[in-house]
Amino acid sequence: MMDISVTGQIPAGSIVVEDASDPSDIRLRLASDHASTMRGGYHFRVTGARGQAVRLRILDVRDLEADRLAGRDGYEDAWTNTGPHVSYDRRDWFRVPGRVVGRDYVIDHVPASDVCYYASWAPYPLDRELDLIARVAQSSRVRVAPVARTVMGADVDLLTIGEAGPGKRTCWIIARQHPSESMSGYFLEGMLPRLVDEHDPVARQLLDRAVIHVVPNMNPDGTRLGHTRGNGAGANLNREWADPSPDRSPEVFAVRAQMEATGVDFFMDCHGDEELRCVFLGGPLEIPSRTPWLASLFGQFERALMAVSPEYELGHGYPGGPPETADLRMAWNWVAERFGCLGVLLEQPFKDTSWATDPVRGWSPQRATLLGHSFPAALNQVVAHLR
Ligand SMILES: [Zn+2]
């Protein structure tokens, strides 16, 4: 019999292999982000196991839940009603079931190929993102410039789509502050090509009304390293917005400065959520300067998104109940408060929506891409009302 190998030493890989000597009890552990204790995502390769039953045991995931779900009683954990994304070719990702046994997460699978990848969600590799940016950069509508340099020296790209002008609104969309939430990458793969499609009437009308600034990846270091949430210095960028540091969170520091230069009328921050079973939007409802006008504008945006995509449903409340006051260290809250504008948090599920489940793929790259393709039509419905 061939030897089986399990490794996280692949691009954007993340796993600690404790013992892979027994295929019926392969013992793994979640890897912490560099310079941080943040963990939760995983992405690894199993080689040489075609036709053989393997049991992958990710140890002690319950420890993680205790931190993350503190104060959220009765809330479904990240490991229930789901399973990893699995692929033989790194293009088509399907699910196999996983289950919690004791303190561990257990995946039983018989790979159909000697090369098999497992991930908490289909990765969106940096290479694919660079290809996407290069492709849309060829549009005459788009300018690309570095807006920041990461802790480890990578460029954070800013795409400016359309042109600012008198009476035009300024929209900002950022993604991937948290690298493991890779559905944001697929979302942009639907959104960006639509915005540069000269035959698309929605894109044309939207860009007549607004200029759109997009940061496709706030955290390229974390993406490259296969991080769950941290940047190259171990910072959770979505807790840095109130007081970013040029050393520890230069990505946020520079993007915030650029926002001060352009102003902001609409902001959306694209994330993924491990526990939710819906697409979730957070609005500027708890910020100190909240107004009935902002709440109504947010409701208008929610209805617009629902009208263009059945993947979004009204009525899914803030996970675990809304906070009494907004956490202004988070991007959507900080931007909404600073600019008095519609700041939105988008959470796509790791699992699936509860009302339109796909038993084969769950929430998938395909659906994330189509949601991104729908989004400009929703923004176009509210863009005239943003001031
Ligand atoms: Zn996130």
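Predicted model: local features only at pLDDT ≥ 70, side-chain atom pairs only at ≥ 80, totals over all residues.
The lining of the largest cavity comprises eight nonpolar, ten polar and one charged residues, where Ala, Val, Leu, Ile, Met, Phe, Trp, Tyr, Cys and Pro count as nonpolar, Asp, Glu, Lys and Arg as charged, and the others, Gly among them, as polar. Residues are numbered from 1 along each chain as its sequence is written, and side-chain values rest on heavy atoms, with hydrogens and water left out.

A search of the whole structure returned one cavity of 30 Å³ or more, a cavity being a set of points on a 1 Å grid over the protein atoms alone where a 1.4 Å probe fits but cannot get out. The volume of the largest cavity is about 180 Å³, taken as the space filled by probe spheres set on grid points that are joined across faces, edges and corners. Of the 19 residues that line the largest cavity, A12, P123, P179, S180 and H227 lie nearest its centre, lining residues being those with an atom within 4 Å of a point. Because domain 1 (5-119) and domain 2 (126-385) both contribute to this lining, the largest cavity lies between them; the domain bounds come from an automatic or database domain assignment.

Helix 2 (126-136) and helix 5 (220-225) are the elements that give two or more residues to the lining of the second largest pocket, and helix 2 gives the most, with three; helices (H or I, at least four residues) and strands (E, at least two) are DSSP runs numbered from the N terminus. By class, this lining divides into seven nonpolar, two polar and six charged residues, and at least three residues are drawn from each of domain 1 and domain 2.

Helix 3 (residues 183-195) is mostly covered, with twelve of its 13 residues buried, that is, under 20% relative accessible area, as against over 50% for exposed and in between for partly exposed (1.4 Å probe, protein chains only). Among the buried residues of helix 3 are Y186 and F187. In the loop between strand 13 (169-175) and helix 3, R176 counts as buried because its relative accessibility is 2%. The C-alpha atoms of R176 and T223 are 8.2 Å apart in space, although the two residues are 47 apart in sequence.

The structure contains 13 aromatic pairs, defined by ring centres of Phe, Tyr and Trp (its six-membered ring) within 6.5 Å, with planes under 30 degrees apart counted as stacked, over 60 as edge-to-face and the rest as tilted. W121 and Y186 form an edge-to-face pair, with 6.0 Å centre to centre and 65 degrees between the planes. This pair links distant parts of the chain, since W121 lies in the loop between strand 10 (115-119) and helix 2, and Y186, 65 residues apart from it, in helix 3. Both W121 and Y186 are buried. A further edge-to-face pair is formed by F301 and F375, at 6.2 Å centre to centre and 75 degrees between the planes; because F301 lies in helix 7 (residues 292-308) and F375 in helix 9 (residues 365-382), the pair ties together parts that are 74 residues apart in sequence. F301 is buried at a relative accessible area of 0%, and F375 is buried at 3%. F301 and F375 belong, with F187 and F266, to one aromatic cluster.

Notes: 1 Å grid on protein atoms, 1.4 Å probe; cavity = no way out; pocket = protein on both sides within 12 Å on 5 of 7 lines; lining within 4 Å.
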